[in-house]
Amino acid sequence: MVWLGMVLCDQELESDQRKEPVCNDCNLCVDICPVNALEEPEIKQQVCWDYAFGDDEEKQVWRIACHKCRDVCPYNLGSENSILMKGE
Ligand code: SF4
Ligand code: SF4
């Protein structure tokens with residue numbers, strides 16, 4: 001549920017320590033992807049993009065049609081997904 005971006009600068013900066021795990025290798029995201037874009041170590045970005053993003057010609061808007069991999073992730077938004085943990 002994040003967009004990654006970057007800022008370019010010429011300073012050397014130290015990275016922060018990672019405070020919590022961000023993945024437990026549960027494979028839920030891999031299993032739920034309707035187009036198998038996550039089966040390789042690297043995401044098949046074009047396959048995901050073609051399926052999940054694009055113009056909705058009926059509504060004349062750009063839309064995100066799929067985020068199943070993020071919905072199912074127990075670490076969604078960087079914290080434990082409480083709905084999933086309750087089994088709901
Ligand atoms: S957004 Fe949808 S198509 Fe893309 S990797 Fe996630 S589940 Fe697969
Ligand atoms: S669903 Fe989340 S925790 Fe599970 S493998 Fe995918 S990224 Fe990792």
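## A partly exposed ring

Buried means under 20% relative accessible area, exposed over 50%, and partly exposed in between (1.4 Å probe, protein chains only).

## About the model

This is a predicted model: local features need pLDDT of at least 70, side-chain atom pairs count only at pLDDT 80 or more, and totals for chains, interfaces and linings use all residues. Residues are numbered from 1 along each chain as its sequence is written, chains are lettered from A and ligands numbered from 1 in the order written, and side-chain values use heavy atoms, without hydrogens and water.

## The aromatic cluster

W49, F53 and W62 form one aromatic cluster. The structure holds 3 aromatic pairs. Rings of Phe, Tyr and Trp (its six-membered ring) pair if their centres lie within 6.5 Å; planes under 30 degrees apart are stacked, over 60 edge-to-face, the rest tilted.

W49 and F53 are stacked, with centres 4.6 Å apart and 25° between the planes. F53 is buried at 11%, while W49 is partly exposed at 40%. W49 and W62 sit 6.2 Å apart, centre to centre, with planes at 45°, so this pair is tilted. W49 lies in helix 2 and W62 in strand 2 (residues 61-64), so the pair ties together parts 13 residues apart in sequence. Helices (H or I, at least four residues) and strands (E, at least two) are DSSP runs, numbered from the N terminus.

## Around ligand 1

The residues around ligand 1 include C33, Y51 and R70. Each has a heavy atom within 4 Å of the molecule. Helix 2 (45-52) and helix 3 (68-72) each supply at least two residues of this shell.
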